[in-house]
Amino acid sequence: MEHTWLSLLPFIIVIAMSIWLKNILPGLVVGLVVGSLIFTSDLLDGTIQSVSYMVTTLSDETNIKIIGFLYLFGGLVGMMNISGGIKGFSEWVGTKIKNERGLLGLIWLTLPFTFMMPMFRIMMIGPVVKSLAKKMNVSKQKVGLTMDISTESVIVLLPVATAFVGFMVSLVEGSIRDLDFGMSPYEVFLLSILFNFFAITTLIIGLIQTFWNRGKKDSSVKGVQEQLEEEEHEFHRIGIKKELSMVKAQPWNLIVPVFLLLGLSLFLLWQDGRSKGAKTVFDAFSIADATFVMLLAVFITLILSFIFYIIRRQHLSELLYHFYDGGNQMMEAISLLVLIWSLTLSAEDLGFSTFISSTLGAFLPAWLTPATIFLLGSVVGYFIGSSWGTWGLFMPLGVSLAVSTGASIPLTVGAVFASGAFGALASPLGDTTITTASIMDLPIVEYARYKLKVSVIGGVISIVFYLAAAFFI
């Protein structure tokens with residue numbers, strides 16, 4: 001089934017139900033089932049197709065690596081919790097940080113951790129800043145937004161040493177391969193970084209929010225979030241929270257596993273990239289299989305940390321219990337990701353990509369092409385919640401339109417990358433939003449709505465820049 005507006009229906013259902021119910025899970029289930037029913041035109045076959053999409057998603061090698069990493073990392077956080085590592089490190093850092101500006105500044109100081117995938121850094125620093133935010137009575141939405149901006153906006157602007165670089169350059173290469181353009185794909189990618197106006201704008205907004213803080217209290221937001229936190233898991237979490245509050249503070253029980261994980265990740269990235277023919281460290285980081293390296297690094301770190309904790313006289317039963325408890329805390333994020341991936345498969349079978357391409361096939365003037373690509377890509381990115389998915393869909397389309405209308409190719413490529421960055425930051429379906437909300441104990445839809453305000457401001461500013469830049473480039 002192609003060229004049909006019905007391919008938009010599953011995403012519209014998800015967004016509408018999420019806003020209505022303030023919970024994303026029911027909308028994802030209904031959207032997946034409706035999409036499957038439209039595709040099969042039969043109730044039983046549609047239900048079977050829904051399950052088939054989930055099985056296909058779980059059979060995907062990259063997806064299962066991400067799921068494994070999330071669960072194992074959650075287990076590691078659980079072990080660091082019960083061993084007093086997070087409590088000890090938070091108390092130590094708390095003596096150095098006295099206010100909200102210091103806490104937000106600490107998040108920016110962890111930028112070097114953003115060298116592979118966005119969720120890696122978020123999961124690394126999330127438990128610590130969450131603890132400090134609660135202690136200092138700082139809005140967790142604001143802390144989460146700072147983490148997401150400093151991650152999503154930075155990683156798409158780095159020219160080397162990330163998994164994103166390899167993917168982004170490969171998209172550019174595939175789109176300009178048949179063009180006599182006179183520039184290499186990497187050169188086009190480097191130029192496009194200057195035109196990723198959304199990432200640049202939101203990065204500046206995030207820095208201003210951090211360092212030009214007028215000290216206003218977001219009492220209404222914090223009141224709602226504290227009430228939700230108190231009501232969440234009212235019975236079955238109360239014992240665990242009490243137990244964690246009584247553990248002895250031991251900062252080394254966090255410092256050792258974190259540096260183990262970072263060191264192993266860097267070393268394994270280099271090793272994996274070198275095995276694939278990389279000549280330099282930067283090349284190795286770009287072509288390495290980052291998802292597998294993350295999974296392998298956290299697996300080895302878990303084993304070594306477990307031995308470390310046992311040597312430091314931690315009880316075996318407590319470590320194992322809180323490993324599973326920590327992993328289970330990530331099951332909400334994992335289940336949402338599985339449903340989102342399945343929903344995307346359903347939409348593609350309905351002809352989503354073809355429909356978008358056909359609606360953009362009309363003639364555009366050159367000066368309007370980059371801004372149009374950014375606007376439409378941002379809308380689609382918001383619906384699908386994936387920067388990589390948005391880039392994969394719009395890069396061939398954007399380059400083709402740029403060639404046919406005479407628009408600047410680097411400017412248009414930058415607009416495509418910017419649209420994916422918008423979707424990843426703003427969408428309630430984005431893995432960054434889901435991961436941050438899960439770690440910070442925030443309602444996903446409310447948190448996404450909070451981020452949408454900043455994203456829209458950045459988006460409007462970006463459109464103005466694309467319209468202006470088109471007349472000078």
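1. Helix axes are lines fitted to C-alpha atoms over the stretch in contact, and angles run from 0 to 180 degrees between N-to-C directions. Helices (H or I, at least four residues) and strands (E, at least two) are DSSP runs, numbered from the N terminus.

2. This is a predicted model, in which local features need pLDDT of at least 70 and side-chain atom pairs count only at pLDDT 80 or more, while totals for chains, interfaces and linings use all residues. Residues are numbered from 1 along each chain as its sequence is written, and side-chain values use heavy atoms, with hydrogens and water left out.

3. The chain has 24 helices and zero strands. Of its 473 residues, 54% are buried (under 20% relative accessible area, 1.4 Å probe, protein chains only).

4. Helix 2 (residues 24-40) and helix 18 (residues 331-349) have axes that come within 9 Å and cross at roughly 25 degrees. The two helices are therefore roughly parallel to each other (angles under 35 degrees count as such).

5. Contact means heavy atoms within 4.5 Å. Residues of helix 2 that meet helix 18 include Leu-28, Gly-31 and Gly-35; on the helix 18 side, Leu-339, Ser-342 and Asp-349 are among them.

6. Leu-28 also belongs to the largest nonpolar core, of 127 residues, where Leu-28, Leu-103 and Val-143 touch the most other members. Such a core is a set of buried Ala, Val, Leu, Ile, Met, Phe, Trp, Tyr and Cys residues joined through side-chain atoms within 4.5 Å.

7. Beyond its neighbours within four places in sequence, Val-143 is in contact with residues including Leu-103, Val-129 and Met-440.

Definitions and conventions:
Buried means under 20% relative accessible area, exposed over 50%, partly exposed in between (1.4 Å probe, protein chains only). Angles under 35 degrees count as roughly parallel, over 145 as roughly antiparallel, 65 to 115 as roughly perpendicular and the rest as oblique.
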